[in-house]
Amino acid sequence: GTKISDPYRWLEDDNSKETGEWVKQQNELTYSYLGKIPYREKIKNRLTEIWNYEKITAPWKRGKYYFFSKNNGVQNQSVLYVQEGLKGESKILLDPNTMDAAGTTSLGGTSVREDGKYMAYSISKSGSDWTQICVMEIESGKYLNDTINWVKFSGASWKGDGFYYSAYPAPTDGHTYSNKNENNKVYYHKLGTKQSEDKVIYADAKHPFWSFGIDISDNGKIAALYTTESTSGNGFKLKNLAKNGDWKDV
């Protein structure tokens, strides 16, 4: 019965003209102050100098290929390279810096099929937690038509001619990126098919706020399901895929 003042409730609508105007004014106010700092450019130049060195990750192997990421020093996003064998010539496999002029599209998780033929990878735009899973053929560098939308905090786990992943329902009310994270489900996507045809592998209607992650064992026989709600709690289930068994709590 207690009344609480909530004068900024209108900001909950991130698509409204009022919210857009408020953001514009806040940016103008912020940069009117930052622009007057006399040593701001010196700090920027010094940080650029410190960060400007080549960075390379440890390589990892799938099939006949080795993969690693490299940044020449001040690239917005690191570039994914591939080479055949230890003595092969490395070449660019995926460069997120070419995906948009602002350089704010980043490469998220990558998952290469065990034989090294295909790679599923996720991309994020403008720092969003929402990602899109895409697929490419590694040897040719060809991008496949397979695209998975409405994914958040999920990678792709290969099994045969497809992969497992989790995703949320597509929004229908216009609030594309501001809906609650509800009714996450685990799916299996077969290459060459549409996302709408993907088979639901696991769902829990009694716990709409639970989200799921899934991994497949190296031999392809066991599926591991991870469950969490927001940033608290976790669950763990296993399923014998070879025998098409039930999910069992661990």
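This is a short chat about a few places in a predicted model.

Student: Where is Lys237?
Tutor: Lys237 is in strand 16, which covers residues 232-240.

Student: Is Lys237 buried or exposed?
Tutor: Lys237 is buried, because its relative accessible area is 15% and buried means under 20%.

Student: Which side chain does Lys237 join in a polar contact?
Tutor: That of Asp249. The polar contact between the two side chains is 2.5 Å.

Student: Leaving aside neighbours within four places in sequence, what else is Lys237 in contact with?
Tutor: The list has Tyr202, Ala223, Ala224, Leu225, Trp247 and Lys248, along with Asp249.

Student: How many bridges join strand 11 to strand 12?
Tutor: There are 6 bridges between strand 11 (residues 162-167) and strand 12 (residues 185-190). These two strands run antiparallel.

Student: Which residue in strand 12 stands opposite Gly162?
Tutor: Lys190 stands opposite Gly162.

Student: And where is Gly192?
Tutor: Gly192 is in the loop between strand 12 and strand 13.

Student: Why does Gly192 count as exposed?
Tutor: Because its relative accessibility is 69%, and exposed means over 50%.

Student: What separates the C-alpha atoms of Gly192 and Asp146?
Tutor: A distance of 6.3 Å, although Gly192 and Asp146 are 46 residues apart along the chain.

How values were computed: Residues are numbered from 1 along each chain as its sequence is written. This is a predicted model: local features need pLDDT of at least 70, side-chain atom pairs count only at pLDDT 80 or more; totals for chains, interfaces and linings use all residues. Side-chain values use heavy atoms; hydrogens and water are left out. Helices (H or I, at least four residues) and strands (E, at least two) are DSSP runs, numbered from the N terminus. Buried means under 20% relative accessible area, exposed over 50%, partly exposed in between (1.4 Å probe, protein chains only). A polar contact is a pair of N or O atoms within 3.5 Å; within protein, one must be able to donate a hydrogen and the other to accept it, and residues adjacent in sequence count only if both atoms are side-chain atoms. Contact means heavy atoms within 4.5 Å. Two strands pair if DSSP finds at least two bridges between them.
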